[in-house]
Structure formats: structure tokens, C-alpha cells
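Take a look at the model, then read on.

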Amino acid sequence: MDIIAKLAEELKIRKQQAEAAVKLIDEGNTIPFISRYRKEATGALNDEVLRDLHERLLYLRNLEEKKEQVLSSIEEQGKLTEELKQQILSAETLVAVEDLYRPYRPKRRTRATIAKEKGLEPLANIILLQMTEKPLEIEAETFLDSEKGVDSVEDAIAGAMDILAESISDEADYRTYIREQTMRAGKITSTAKDPEKESVYEMYYEFEEVLAKLAGHRILALNRGEEEKILTVKMEAPTEQILQYLEKKTISRENPHTTAVLKSVVEDSYKRLIAPAIEREIRNELTERAQDGAIRVFGKNLEQLLMQPPIAGKVVLGWDPAFRTGCKLAVVDSTGKVLDTTVIYPTAPQNKVEESKAVLKKLIQKYNVSLISVGNGTASRESEMIIVDLLKEISVPVQYVIVNEAGASVYSASKLATEEFPNFDVGQRSAASIARRLQDPLAELVKIDPKSIGVGQYQHDMNQKKLSDALGGVVEDCVNKVGVDLNTASASLLEYISGITKNIAKNIVAYREANGRFLTRAQLLKVAKLGPKAYEQCAGFMRIMDGENPLDGTSVHPESYEATLKLLDKLGYQPEEIREGKLGGISKKISDYKKLAKELEIGEITLQDIVKELEKPARDPREDMPKPILRSDVLEMKDLTPGMVLKGTVRNVIDFGAFVDIGVHQDGLVHISQMTERYIKHPLEAVSVGDIVEVKVMSVDLQKKRIQLTMKL
């Protein structure tokens, strides 16, 4: 297989682009580096396409390796024909290769292998070829052998039938047809083990759907319901059609002595050997496809969450709400430094509301707090009401935001949090994290395992390695898109930078602590274990503000410094003017990019990127994202009435809709059918996590705590 051509065809890119990308990956370059600094080579393929290419490259190489192993194994057995070789070489999936290898794979002892050991293969051939003109019982008599355990005619015929059943089940073409037919016309059903029992799976208590139309989230829900022993899930194949096909392939003519036996063999082969295996394969394939879809949605949600704009320049009070153990507070200054921590008990059972308000007023006055960041967990609703009352009693303008606190408890109990805040307990660390994730969501959320951030669906049912790899890639892309300040970034943030490992990230922080601020990017080469290749990969994503070289504060790569300085000289600018932001109109001075790029001996796309960067040095791409909604009043669920129009923040996007925070503690659901007037296949076509949307209340169920919303206004 020509892997490069296959990649180009699948990803709808040019063959040269695929070839260049594969070469760069094989040379040890990271996806963010290739995407940002090797656009000339790849024709500006973005990180999403490059990650898909990398994933498919690994699969196709694995496929080619499997083919070689299979060919070698069959050749050793002396059974490799030219036709079989070509079939294996042209197979496009691992399943197809496995099907072709099945008859030759070393088997454990089966009923068929035992029958072959008893010398019954010739009788099986007589039946299959329908060569006999006399009753089978007479043919079978010649195979009786008490020493081999063939004591009766019935034993002989049964053994021959076992050989034929296995032979039919090993036929690759048959399995391919059966798999396709089952996927096309088969269906999945589920019933409740206990129909009286209430559960979240009630809609699946009497469920039936065609496999071809089964949505990913339904597959995952059925799997989980089955795993939790609430549902009985079955797959129903078009059995009659499949048996007719197998009979047509197996029975070449009507023979009164063999036809009935062959029909029985076909039925046994399908029901005993083929159907259970195909059911397992199809359910595994459906699950894998559903998981891949869910991982993609999780990744997209995570990207939107990480890329939410930071709220800069504010002193924030982080509030980790709770009942019995009290609400933990942490005051964090505009740089993220924790100034103060305390615990208040305004919620049940203590209900010390007035005492708590007094503490809050002192903190707000002492540290000029202008924003309160409240976690959305237990006691969040009660905390919010106390905050709203407090804001009415003070004269200074303070607002609050409800933030998704998913993962805060995971972080606060982690080794990293212990190192960062050795003198704090878990509650204080959690409150600090809740404050900081409002100030700079990306810098704070990278400290938490992406799976714990709470913007996924069925994440615990996923292939954990695949999920970790995909989400790690999302975090890596986000961190590198934004870039980091080399002199303030934590090791947790640095380790996601292109070319930087966990150990190197720690070494960078250690070097900074021992030698003071980095003054140039080139100093990175003095960091332990950070060699020329790692430097090439990471340098462009590291920023040094107020360093010796103004270009170190931009995303211009050091390999392009010489060309950039020539460009500035040619256009009459000084490097220092980059820092002063005086290059806003530089693009207007360039009439012919192609000619200028040739003069500077760089690529045209690279030149365009350099110019864009010089005009807006170290521009944060998060500026374009919607800002969080700052609140100063509270709305309760009982206040909601159908028809009410509100603004809300999209908290999570799933296959069948999106959950929107409208400020009543309980997120409302906008079903996919209520998102747009036009037809959409997936909610991500209409909304993303972090979007600010206008919604109308359709219905409110106070008992079940369910809010139905619509975006069709």
C-alpha cells in the first residue's frame, strides 16, 4: 500500500503535503512546531489535520506490519498462493487482514481439529463436494475406527460436519458479507432486567433501533446500562437472509444424500461460530466509533474551555462552597499570588451568615477585591444567595462569576498542589484554584488531568490511553497557540510546550530559580537536558517580555531573526520599536510578498506570519473568545417561567445537545432540535463550550431539577 497516497486521499490533501508532513514527523518534530513553523513544507496544514494524519499514519504502518507477519506465517506453512498474497496486500483494514488469516492462524483444539485428527476430513470433502450417490451412512461406515474414537456412523458424520462448519466460518468473503449485511439490516434491542426499578436508563427499557442509524451516545448508554446489569442488550441480525446466502455459496446442486446435511452445517456454522464473533466485532466497532466521536467532542469542548479569555488585572476572591466543613476562601492578586485564605460558615448546619459577611467585607476592603469566583459544586446555590445579599450591602462595585469547579478537588489533593502550596490544606488550595481559573483558565487548568475537567460524556467508559492521548494533544495545541512567558510559567504549563518534557520543564524552573530571569531565548540552551533539537521545537513558543532582544517577546522563531532584522532595516524600522508597538502599519509598506520573501531568503508564508506578528506582537488568540458573564444578582429555579428569555454560558456540549448555565445553579438542556432552524448533524455545528447564548425557557421540572431550553427565539 502506498501510505502517502492513502493519507492524501483520506485527508483530501495533496500528496506532496502528506509526504512533507510524514517526513517532518519522522524527523521528530512536534505537531505544534510543524503547524506553526513549517507551513512552507506542508502547505500550511493546521494542527487538527496534522494530528489526524499522524493517527492514520500509525494505523496504516501498523496495518502494513500486520500484513508482513501474516504473509510470513502463511508462507512458513507452505500455503501462500499468489491470489491470497494479493488479497492480503490489498486489504485496507486490520479486520480484513484478520479475516484472510483466520484459516491459517494456529488454532486451539476445536471440535473440527479433533475430527481431523480422527481422519474425518475426506468424509467432510465428500459431503461438501456432494460427490456421493449413496446414502451418507454407507459412506461414513468406511471411516469407523474405534482406536481413533469413531465408534459409530453418527460420530463420523457429526465430526465431518464440524470440519465443514469451521471451514465455512473461516471463509473471509462470507464473513465480510455477513458483517456488512448485519450492519445494514441488523438491529439492537434492550430490555430492563427489572422494569419496575427507576434509573437513568428508563428510555432503554424497551428499546429497538437499526444498527446503521444508532447514535454514538446511545451505544455508550446501552453499554453502560448493560455493564451496570440494569439492561439486557441483544443484537438481531437478518438471519434468514444470511443463511440463504451461505446455502447458495455452499450447496452447488440438489443431492438427496447431502443437501439436508449441508443446510444443517450452514446453520450450525453461522449460529455457533460466525454470529457470536460477528456480534462481538460489530459491537466493538460501534463502541470504538462512538468513543472516537465522544473523544472528538470532549476534545473540542476542552479546547473551548482552555481558550476562554483570562480576566486580567483584577484581585479575585476564590470561593469553594460547602456545607458542614464551611466555605473556603482565597484572595488572589492580579498576578495569581495568594494573599490570604480563611474559612467561613454561612451555610447549614452552622448558618453563621452575619459573621461570614463581616469577614467578606473586611477581605474586600483590605485587598480591593473586585470579583468573586464561586465554584459550582455543593452549596454553590446557597453561597450565591449570600454573595448577592452582601453585594447590596457594600458601596464598592464587586461582581461574581459561577465557575465550573470540576477537577479542583483532584488538583487540590495532588502532589503538584502540595508542592505549590505546602502550608495550605486541600480546601485552601481548591479556593485558590477556583480564583486562578478565572484569571487565566489555561494556566490553571493544565495542572489538572484533562479527563477530570468535566466537559466530556461517558469519559470513564473510554479507551483511557486513546482519551489521554487525544486530550493531551488538545492541551498541547492550546498552550502552544497562546505561548508562555518563560519567566513566569509554571512547570505544569511548560511541559506542554513543543519539545519540552516533564523533566526539562522542571529543569527550566530550577534554572530560573538559581540564575534569575531569562534575558534571552538562547539561554534555554544552558538548561540541563535541553539540547539543540528541543530548543528548535520550543523556542518560538517561549516569550521573554523586556528581554535583551525585542524579538524574544514575539512568536517569531529564532531561525528567522536574521531575515526579520533585514526586513525591519529595509522598511526603516528599529527592533526596539517592536516593544513600543509602533509597527502597526508594516504590512501596508509591502507591495510584493513573493519578491520580498525571495530577497530575504525565507518562504512567503513565513514572511506573512512574521509581518502579522510584528504588527501585533505576542497577540493572545483568546481575545476573540466570548468573555464570562459577570453577575450581581441571583435567579432561582422557581423564578423561571416558560417563555422567559435569558443569557447563558454553554458549559458542556454532548451528542444530543448542550447544557447552558443560566444562573440558577441547575444547567438547562438545549436539545439539538432546539438549536437552529436549519438541520445540523451535531450540536458543535451551532455552539461551543464558553459561548454566550440567548435562550428561552420551554419547561421547568422542579422535582426532577430539569430545565428545557430553546435557542429558537
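This is a predicted model: local features need pLDDT of at least 70, side-chain atom pairs count only at pLDDT 80 or more; totals for chains, interfaces and linings use all residues.

Residues are numbered from 1 along each chain as its sequence is written, and side-chain values use heavy atoms, with hydrogens and water left out.

Let's begin with charge. Side chains of opposite charge can pair when their charged atoms come close. A salt bridge here is a side-chain nitrogen of Lys or Arg within 4 Å of a carboxyl oxygen of Asp or Glu, and the count comes to 60. The table lists some of them.

| Pair | N to O distance |
|---|---|
| Glu98 and Arg105 | 2.5 Å |
| Arg253 and Glu133 | 3.7 Å |
| Lys465 and Asp469 | 2.6 Å |

What does the pair Arg253 and Glu133 tie together? Arg253 sits in the loop between helix H14 (239-250) and helix H15 (259-306), and Glu133 in the loop between H9 and helix H10 (136-141), so the pair links parts that are 120 residues apart in sequence. Helices (H or I, at least four residues) and strands (E, at least two) are DSSP runs, numbered from the N terminus. Glu133 is exposed at 63% relative accessible area, while Arg253 is partly exposed at 38%. On this scale, buried means under 20%, exposed over 50%, and partly exposed in between, using a 1.4 Å probe and protein chains only.

Lys465 and Asp469, by contrast, share helix H22 (residues 464-482), 4 residues apart, or about one turn. Lys465 is exposed at 59%, and Asp469 is partly exposed at 47%. Elsewhere, salt bridges with shared partners join Asp47, Glu48, Lys300, Glu303 and Lys481 into one network.

Now for the cysteines. How many disulfides does the whole structure have? The search finds 0, a disulfide being a pair of cysteine sulfur atoms within 2.5 Å. The sulfur of Cys478 has its closest cysteine sulfur in Cys538, 19 Å away, which is too far for a bond. Cys478 is buried at 1% relative accessible area, and Cys327 is buried at 0%.

Arg184, in helix H12 (residues 172-185), is exposed at 52%. Leaving out residues up to four places away in sequence, Arg184 touches Val210, Ala212 and Gln241, where contact means heavy atoms within 4.5 Å. Thr676 belongs to the loop between strand E13 (668-671) and strand E14 (692-701).
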